[in-house]
Amino acid sequence: MEELRLQGYDLSQVADSALRSFGGLEIMPSNEFGPNFSNDAPLIVDPILAGSGHRVLAEELERELGGSWYPFAEWLSGSSVFIRGDGWTVATGLEWIWELGTSLESAIEFAVRAHRPLVCLRVLRPGAKPWPSTS
């Protein structure tokens, strides 16, 4: 965690607890086809993989959604999964911010089960359209 602290990340109690519970796990999806996306990648719980060299992603989340975000995992298409101090968990890193869950537990369940639609919270690149499409 020292490497991430030196990059400007602040480890919240929620992120610390989450990483102590799940750190190092690679969780394969049990359902590869969600209602509006392909869930064909594992959730790799590794904060260094998700966050090292990606502080700009956390800063985008802070600007767009508020709060302080800590890297938690890597998921679909190499997107970085971040957790906020209240447990809200999102993925970002391409040109979108997706909601995984309002709690870490619901986010992990979603990443594994793909039991509901993937929701695009924000489009980060001007001119890009939400993905998955909302229509």
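Throughout this tour, contact means that heavy atoms lie within 4.5 Å. The model is a predicted one, in which local features need pLDDT of at least 70 and side-chain atom pairs count only at pLDDT 80 or more, while totals for chains, interfaces and linings use all residues. Residues are numbered from 1 along each chain as its sequence is written, and side-chain values use heavy atoms, with hydrogens and water left out.

Begin by selecting Trp75, which, leaving aside its neighbours within four places in sequence, is in contact with Phe37, Asn39, Ala41, Pro42, Leu43, Val81, Ala91, Leu100, Phe110, Ala111 and Leu118.

Of its 39 residues, Leu43, Phe72, Trp75 and Val81 touch the most other members. Among the elements that give two or more residues to this core are helix 2 (13-22), helix 4, strand 3 (69-74) and helix 5, and the largest share, six residues, comes from helix 5. Helices (H or I, at least four residues) and strands (E, at least two) are DSSP runs, numbered from the N terminus.

Now select helix 5 (residues 104-113), whose buried residues are Leu104, Ala107, Ile108, Phe110, Ala111 and Val112; buried means under 20% relative accessible area, exposed over 50%, and partly exposed in between (1.4 Å probe, protein chains only).

Move on to Arg55 in helix 4 (residues 55-65), a residue that is buried at a relative accessible area of 17%. Leaving aside its neighbours within four places in sequence, Arg55 is in contact with Gln7, Gly8, Tyr9, Glu62 and Trp69. With Glu62, the side chain of Arg55 meets in a salt bridge (3.3 Å, N to O), a term for a side-chain nitrogen of Lys or Arg within 4 Å of a carboxyl oxygen of Asp or Glu. Glu62 is partly exposed, at 25% relative accessible area.

Finish at Arg125 and Glu95, whose side chains meet in a salt bridge (2.8 Å, N to O). Arg125 lies in the segment after strand 7 and Glu95 in the loop between strand 5 and strand 6, so the pair ties together parts 30 residues apart in sequence.

Note on methods:
Core = buried A, V, L, I, M, F, W, Y, C linked by side-chain atoms within 4.5 Å.
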